[in-house]
Amino acid sequence: MYNKNKTSKLLKWVAWISVILSIIAGIVLGQNEFNGFQWSLALPVMMNGIVAGLLLLGVAEIIRLVQDIKNETVGPD
């Protein structure tokens with residue numbers, strides 16, 4: 001089915017941007033010129049962003065599925 005739901009598309013983009021930016025932020029935060037790379041600083045930032053992004057992807061998929069059900073039962077907008 002063709003996905004016309006703008007909310008679902010927007011949430012998917014925000015989720016992927018969140019995942020990518022959290023990985024970049026974790027790498028930047030983990031850099032330390034004295035001790036090298038510190039995973040103890042980088043990993044929590046990365047994991048929080050990835051989990052938040054995956055949750056947003058899940059919500060976007062639920063919205064898309066509800067829209068598909070609505071389109072099948074009532075008809076498209």
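Author: Two residues are in contact here when heavy atoms of theirs lie within 4.5 Å. The model is predicted, so local features need pLDDT of at least 70 and side-chain atom pairs count only at pLDDT 80 or more, while totals for chains, interfaces and linings use all residues. Residues are numbered from 1 along each chain as its sequence is written, and side-chain values use heavy atoms, with hydrogens and water left out.

Reader: In what order do the elements of the protein chain run from the N terminus on?

Author: Helices (H or I, at least four residues) and strands (E, at least two) are DSSP runs, numbered from the N terminus. The protein chain has two helices and two strands. Read from the N terminus on, their order is α-β-β-α.

Reader: What is the radius of gyration of the protein chain?

Author: The C-alpha trace spans about 65 × 15 × 15 Å along its principal axes. The radius of gyration is taken over C-alpha atoms, and the globule rule is 2.2 Å times the number of residues to the power 0.38. A compact globule of 77 residues would come near 11 Å, but the protein chain has 18 Å.

Reader: How far apart are the end C-alpha atoms of helix α2?

Author: The expected span of a helix is 1.5 Å times one less than its number of residues. Helix α2 holds 35 residues (39-73), so it should span 51 Å. The computed distance agrees with this: 50 Å.

Reader: What covers the buried residues of α2?

Author: Buried means under 20% relative accessible area, exposed over 50%, and partly exposed in between (1.4 Å probe, protein chains only). The buried residues of α2 include A42, M46, G49, G53 and L57. Among the elements that cover the buried residues of α2 are β2 (36-37) and α1 (6-30).

Reader: How much accessible area does the nonpolar patch of W13, W16, I17, I20, L21, I24 and V28 have together?

Author: Patches are made of residues with over 30% relative accessible area and no salt bridge; like charges are joined within 9 Å, and nonpolar side chains (Val, Leu, Ile, Met, Phe, Trp, Tyr) within 5 Å. Accessible areas come from the Shrake-Rupley method with a 1.4 Å probe, and for residues only the protein chains shown count as cover. W13 is in helix α1 and is exposed, because its relative accessible area is 63%. Together the patch residues have about 800 Å².

Reader: Is D68 buried or exposed?

Author: R64 and D68 lie four residues apart in helix α2, about one turn of the helix. The relative accessibility of D68 is 12%, so D68 counts as buried.

Key:
A salt bridge is a side-chain nitrogen of Lys or Arg within 4 Å of a carboxyl oxygen of Asp or Glu.
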